[in-house]
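Please consult the sequence and the structure while reading.

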Amino acid sequence: MAEIGKDIAKAKTLLEEGKLVAIPTETVYGLAANALDVQAVTKIFKVKDRPYFDPLIVHVSDAGAIINYSVQVPAKAKLLIDLFWPGPLTVLLEKKGKIPDLVTSGLDRVGLRCPNHPLTRQLLKSLAFPLAAPSANPFGYISPTRPEHVNDQLGNKIEYILDGGECNVGIESTIIGFDNDQVIIYRVGGLSVEAIESVAGKVIINAPSAAHLNLPGQLLSHYAPRKPLVVGSIDKLLEKHFSNSIGVLTFQKKYHAEVIKKQIVLSTSGNLEEAAQKLFSAMREMDQSGVDLILAEEVPNVGLGRAINDRLRRASHK
Ligand code: TXA
Ligand code: MG
């Protein structure tokens, strides 16, 4: 098992030696390596069992760092970065040559993000290089929001997990790119569409579809528990899905049926931020429980609700 601790100096040394360290962010835990070191980055793909066509986000210590890694920054990108960094926003920008092609899977753009977590920001500030970091889970599985989640699944493959406690956003960053002056959202996430539109105008949401199946960032089946998960109206699903051991993941209300063996309510007060924060640990808990089928309901499709519904749909896609 990996060591879990708060030793930034140790994390720094390991990263400088080209090793991997799991790091906390406000969204989910990342599996980090020196983004400029091809050998170190290769280890990320191996440990995660991640296909090389799925590029990695590069984490920087502050907005000033982006000129080192991107050729040019559109005006709206600057505006959004100024307002929302550090925070759950990843910006795709035309990359400079020093970002290895391995990091971007050969694409021209690099995803840059400044995470909002005090430990990781301190770590980034102490390093002479940015950190490539995907979520710290085996490829396709649910993202980790606590150090123990990382240890459960990757603890035998890495040395150190920097302990930043529980992630307080709980859902991955929103990924945006630009077509001239138009903002395109490639992944809905921890920064709401409404927040982006309030400063950058109407966005286009580039939702994943079967036609995009193998495009980076557009994988349909993702964030998935091992057990079958079905999304819909719980009452209707309970009639249809015959199992004697069902787990129910609900937004606000409780359901009653004999076949329900486990139930998690994401937010009794109907708060979407709270629901987002709890979503992935609730999915893990369901997966590890004795139930053989998970039923989940969508939440209101506003604010972080969009990202929650997106993750539920992807979790249910087989
Ligand atoms: O909140 C987050 O974004 C977390 C934390 C650790 O920062 N990271 C994360 O990374 O979710 P990952 O690798 O699990 O998901 C990043 C997604 C991938 O689906 C990848 O395809 C897409 O971002 N992506 C990364 N770089 C890209 C690029 N240059 N062009 C298109 N998509 C990119
Ligand atoms: Mg991921």
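## Overall fold

How many helices and strands does the secondary structure of the protein chain comprise? In this predicted model, the chain contains eleven helices and 15 strands. Its radius of gyration is 19 Å, close to the 20 Å given by the globule rule for 318 residues, so the chain is as compact as a globular protein of that length. Along the principal axes, the C-alpha atoms fill a box of roughly 60 × 45 × 35 Å.

## Burial, contacts and surface

Of the 318 residues in the protein chain, 58% are buried. Among contacts with a separation of 6 or more, 66% involve residues 24 or more positions apart.

The protein chain exposes about 13100 Å², of which carbon and sulfur atoms supply 51%. Its side chains include 36 positive and 34 negative ones, and the centres of these two sets lie 1 Å apart.

## Strand β3 and its partners

Strand β3 spans residues 30-34 and is mostly covered, with five of its five residues buried. Strand β2, residues 21-23, pairs with β3 in the antiparallel sense over three bridges. Within this pairing, I23 has G30 of β3 as its bridge partner. The two strands, β2 and β3, form a hairpin with six residues between them.

Strand β3 also pairs with β7, residues 131-132, in the antiparallel sense over two bridges. Here N34 stands opposite L131 of β7. As a general point, side chains in a regular strand alternate between the two faces of the sheet.

Terms used
Residues are numbered from 1 along each chain as its sequence is written. Chains are lettered from A and ligands numbered from 1 in the order in which they are written. This is a predicted model: local features need pLDDT of at least 70, side-chain atom pairs count only at pLDDT 80 or more; totals for chains, interfaces and linings use all residues. Side-chain values use heavy atoms; hydrogens and water are left out. Helices (H or I, at least four residues) and strands (E, at least two) are DSSP runs, numbered from the N terminus. The radius of gyration is taken over C-alpha atoms; the globule rule is 2.2 Å times the number of residues to the power 0.38. Buried means under 20% relative accessible area, exposed over 50%, partly exposed in between (1.4 Å probe, protein chains only). Contact means heavy atoms within 4.5 Å. Accessible areas come from the Shrake-Rupley method with a 1.4 Å probe; for residues, only the protein chains shown count as cover. Lys and Arg count as positive and Asp and Glu as negative; His and the chain ends are not counted. The place of a charge is taken as NZ of Lys, CZ of Arg, CG of Asp or CD of Glu. Two strands pair if DSSP finds at least two bridges between them.
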